[in-house]
Amino acid sequence: MDKPFWKTTPLEAMTETQWESLCDGCGKCCLAKLEDEDTGEIHWTSVGCRLFDAQLCACSDYANRLTRVSDCVKLTPQNVRTIVWLPSTCGYRLVAEGRDLEDWHPLVSGSRETVHAAGISVRGRITASEEDLVDVDEYLDHMLDEEL
C-alpha cells in the first residue's frame, strides 16, 4: 500500500489541495492569544476571531480573511516551522516536525467530525468573540490555564 502524501511529500512541494487538507478543522488558530511582553510566553484564550463561526468551527470568510482581519496569519510551509503558538495537535506542525497525523485527523479517519468527537476542537468552547470585546483587559476574563 502506498504511503499517504503527508509522509512522502515535503510541505513545500504539496499542492494547494494537499496543503489545505492538513488543517484538521480544530479552530485553535482562530482563538485570540496573548503574548507576555516580558517573557514571550503565549497565553490562550477562549475568544474567537470575529470571523470565526463557532457552530461550524470554521472561518466564515476564509477566502477574504487576510484582508478582513489585519492580524490573521496565513500558514505557509516556511512559517509553520517557526510559529510558536501553533497548537501541539496541529496537522501542519506535526508534519513539519516529521511526525504523523493523529487518528482523529480527517485525513486519517475520513471524517471531518472526528476532531470534534475526540475533544480536540474548540467547538462548544468559545466564550466570546473579539468583536464583543472593547478593551484588551477584557480578554483576561477569557484566559485559559493551557492550550485547549
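Reader: Why is Glu 12 called partly exposed?

Author: The model is a predicted one. In it, Glu 12 has a relative accessible area of 44%. Buried would require under 20% and exposed over 50%, so Glu 12, at 44%, is partly exposed.

Reader: What makes the contact between Glu 12 and Arg 81 a salt bridge?

Author: The two side chains meet at 2.7 Å, N to O. The cut-off asks for a side-chain nitrogen of Lys or Arg within 4 Å of a carboxyl oxygen of Asp or Glu, and therefore the pair qualifies. This pair links distant parts of the chain, 69 residues apart: Glu 12 is in the loop between helix 1 (5-8) and helix 2 (16-21), and Arg 81 is in the loop between helix 3 (65-68) and helix 4 (91-96). Arg 81 is also partly exposed, with a relative accessible area of 45%.

Reader: How many salt bridges does the structure hold?

Author: There are 7 salt bridges in the structure. Side chains of opposite charge can pair when their charged atoms come close.

Reader: Why are Arg 93, Glu 97 and Arg 99 said to be linked in a network?

Author: Glu 97 meets Arg 93 in a salt bridge of 3.1 Å, N to O. Glu 97 also meets Arg 99, with 2.6 Å from N to O. Both distances are within 4 Å, so both pairs count as salt bridges, and the three residues are linked in a network.

Reader: How do you know whether Arg 93 is buried or partly exposed?

Author: Its relative accessible area is 25%. Buried means under 20%, so Arg 93 falls in the partly exposed class. Glu 97, at 43%, and Arg 99, at 42%, are partly exposed as well.

Reader: Which residues lie nearest the centre of the largest pocket?

Author: They are Cys 29, Cys 30, Leu 31, Cys 72 and Trp 85, from a lining of 46 residues. The volume of this pocket is about 1,100 Å³. Strand 1 (31-35) gives the most to the lining, namely 5 residues. By class, the lining has 29 nonpolar, 5 polar and 12 charged residues.

Reader: What lines the second largest pocket?

Author: Its lining has 13 residues, and Glu 16, Trp 19, Glu 20, Lys 74 and Leu 75 are nearest the centre. The space in this pocket is about 200 Å³. Helix 2 gives the most to the lining, with 3 residues. The lining residues divide into 7 nonpolar, 2 polar and 4 charged.

Note on methods
Residues are numbered from 1 along each chain as its sequence is written. This is a predicted model: local features need pLDDT of at least 70, side-chain atom pairs count only at pLDDT 80 or more; totals for chains, interfaces and linings use all residues. Side-chain values use heavy atoms; hydrogens and water are left out. Helices (H or I, at least four residues) and strands (E, at least two) are DSSP runs, numbered from the N terminus. Buried means under 20% relative accessible area, exposed over 50%, partly exposed in between (1.4 Å probe, protein chains only). On a 1 Å grid over the protein atoms alone, a cavity is a set of points where a 1.4 Å probe fits but cannot get out, and a pocket is an open set with protein on both sides within 12 Å along at least five of seven lines; lining residues have an atom within 4 Å of a point. Grid points are joined across faces, edges and corners, and a volume is the space filled by probe spheres set on the points. Ala, Val, Leu, Ile, Met, Phe, Trp, Tyr, Cys and Pro count as nonpolar, Asp, Glu, Lys and Arg as charged, and the others, Gly among them, as polar.
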